[in-house]
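Subject: Structure for your review

Dear colleague,

Please find below the structure that I am handing over to you. My notes on what was found in it follow directly after.

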Amino acid sequence: MSDPRTLMRVIVAAVLSAAPAAAQTPPASQPPAAAPTAAAWPDALWNPQPAADDLVMPMPCGGRMAFRAVAVPAAGVLDDRRVELGGSDERFSWSEHTRRDWVAGGFTSAGTAGLRHFWIGKYEVSQLQFAALGGPCPTPGDDSRLPKVGVTWAEAAAFAAAYSAWLVRDGGGALPVEEGSPGFLRLPTEAEWEFAARGGIAVPDSDFVQPTHPMPEGMARYVWYQGPDSANNALNAIGLLKPNPLGIHDMLGNAAEFVLDPYRLNKLSHQHGQVGGFMTKGGDFRTPADAIRAAARDEFVPVDKKGERRLATVGFRLVLAAPGVPSRQRLAAVRDAWKTLSVAATNVLTERQEDPVREVDALVAAVEEPALKQRIQSLATVIKSNVQATNEQRGRAVKSEIRVGTYLARKLADDKQIIALKEKQIAALSEANKGLRDSLKASLDSNREALTLNLSYYLDTLTQLVADHPETAVREQADVLKRETEARGLAAVNRFTDLFTEHARTLRQNGRLDRDAVLASIPHP
């Protein structure tokens, strides 16, 4: 691989030779927005690998910054997605052992029901972008596309705040709005960062839990890591390598990235109680290839013996987020949704049991002694939390059964197509081809047996789904599964999900399904 520093000099020289000179802003005592005549930066300096669905935000001095949407399935205002963070690598288990967290999107996905999203920087913040908010407009140079490193956590957070303020004041309405409230920039949480780094819902769950996102062309095409076949012990420009499944570049390797959360050790299923320094994610250009992983998290102690600490391996990228309560209408919806969180789902309790949440609420209302009332309220919180966890587990179980049903429906379609093709081939053969006909007939018999077996499995899956889960849960989880499938570029299989859920609805209404009618309704792929 070519020396990245030489490659960058060639790129920047070519860009500058083709672009007009940028106008200078007034002195730093005036706001950067006072330079509306600054020439727009060439695309190669801020979005070297553009995509049609990038979100582009303006910057002072004619600059730009690109963002990518990270979709999260959500049917209601309090819906979020449980994710498994960390990993099983024993070398790092004291810091990164697998644990649960949750993510959600702050923005409504227009035209796509059941999805919300947040935006994350497509690239690490570059030196040129960082300088655009720091005073006089910078002149692009050899280092323009290098990630901005050597910053403190406070400087990264301050950059996000200053950029947010500039966009509100001078961004020309470019900021996304949620229910009338503008979004804002900040550092990503660890859960947001790792969810995006792993590929979000654009990858199957089996890939999501792997140390890195899928890299079909080999790690060297996606990650700057230690060694002469990759980074060669040097920081590299943004956007030179291939993106992850969400279209995001350089999340692993190159520069480690600050997140919003402080660093805490791992204590098996949860984070340790002591809060340490700041946290960086993803490793850097000095990280060996066998240690590159989405779970990578390191502590950044803000001071050392020399004073304020800065590292040439640490930078950052931004998240574009929305307020948690952007409007009075949302607040009302959140309050209503909160009241339903503790309601036990159908079949969580047997018919002979009373709802424990209501029983405890009644006890709270009847007790006057403050200390006892507080203890009962604490018990109610535990019960409500357990009921909510049970409901979430049930949702995941429903989705898994629908996924199996979708697969079986597609398999039945394949079986039907193979059988039809062989029947056509047999009919076209003459007696002179008796040996081939007999072979095809034997194979056809085997295919018909497989079809019969798969159909029985399909009907059993439908029966189990209807017996165990209410229709509302099936409908909600089918929508979640379809949004995930679309994000992975497999929307064509959604018709089999729709067919499976329609068969479940028919079974629920009629109490039975006709095998022949079910088979006849299965289309060819």
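K281 counts as buried because its relative accessibility is 0%, and buried here means under 20%. Please bear in mind that the model is a predicted one. K281 belongs to strand 13, which covers residues 278-281.

Which residues does the side chain of K281 meet? A salt bridge joins it to the side chain of E190, at 3.2 Å from N to O. Since E190 is part of helix 6 and K281 is part of strand 13, this pair ties together parts that are 91 residues apart in sequence. Both partners, E190 and K281, are buried. The side chain of K281 also makes a polar contact of 2.7 Å with the side chain of E194, and reaches the backbone oxygen of A295 at 3.2 Å. Leaving aside residues up to four places away in sequence, the residues that K281 touches include W193, A256, E257, V259 and R297.

Helix 6 itself spans residues 190-198, and it is largely enclosed by the rest of the structure because nine of its nine residues are buried. After helix 6 comes G199, which has a positive phi, near 110 degrees.

The structure contains 38 salt bridges in total. Another of them pairs E178 with R330, where the closest N and O atoms are 2.7 Å apart. Here too, distant parts of the chain are linked: E178 sits in strand 7 and R330 in helix 8 (residues 328-341), 152 residues apart. Both E178 and R330 are buried; for E178, the relative accessibility is 3%. Strand 7 consists of residues 177-178. The C-alpha atom of E178 is separated by 7.1 Å from that of T108, although the two residues are 70 residues apart along the chain. Among the other residues that E178 touches are G106, F107, R116, A322 and P326.

Elsewhere, salt bridges with shared partners join R99, D101, E190, E194, R198, K281 and R297 into one network.

I turn next to the cysteines. A disulfide is a covalent bond between the sulfur atoms of two cysteines. The structure holds one disulfide, formed by C61 and C137 with their sulfur atoms 2.1 Å apart. This pair connects distant parts of the chain, 76 residues apart: C61 lies in the loop between strand 1 and strand 2, and C137 in the loop between helix 4 and helix 5. The link is left-handed, with -90 degrees about the S-S bond. C61 counts as buried at 3% relative accessibility, and C137 counts as buried at 4%.

Finally, the surface. V77, L78 and W338 form a nonpolar patch there, with about 290 Å² of accessible area together. L78 is placed in the loop between strand 2 and strand 3, and its relative accessibility of 33% makes it partly exposed.

Yours sincerely

Terms used:
Residues numbered from 1 in each chain as written. Predicted model: local features only at pLDDT ≥ 70, side-chain atom pairs only at ≥ 80, totals over all residues. Heavy atoms only, no water. Disulfide = S-S within 2.5 Å. Helix = DSSP H or I, 4+ residues; strand = E, 2+ residues; numbered from the N terminus. Buried < 20%, exposed > 50% of the residue type's maximum accessible area, 1.4 Å probe, protein only. Patch = residues over 30% accessible without salt bridge, like charges linked within 9 Å, V, L, I, M, F, W, Y side chains within 5 Å. Areas by Shrake-Rupley, 256 points an atom, 1.4 Å probe, with all protein chains shown as cover. Salt bridge = Lys/Arg side-chain N within 4 Å of Asp/Glu carboxyl O. Polar contact = N/O pair within 3.5 Å; in protein donor to acceptor, adjacent residues only side chain to side chain. Contact = heavy atoms within 4.5 Å.
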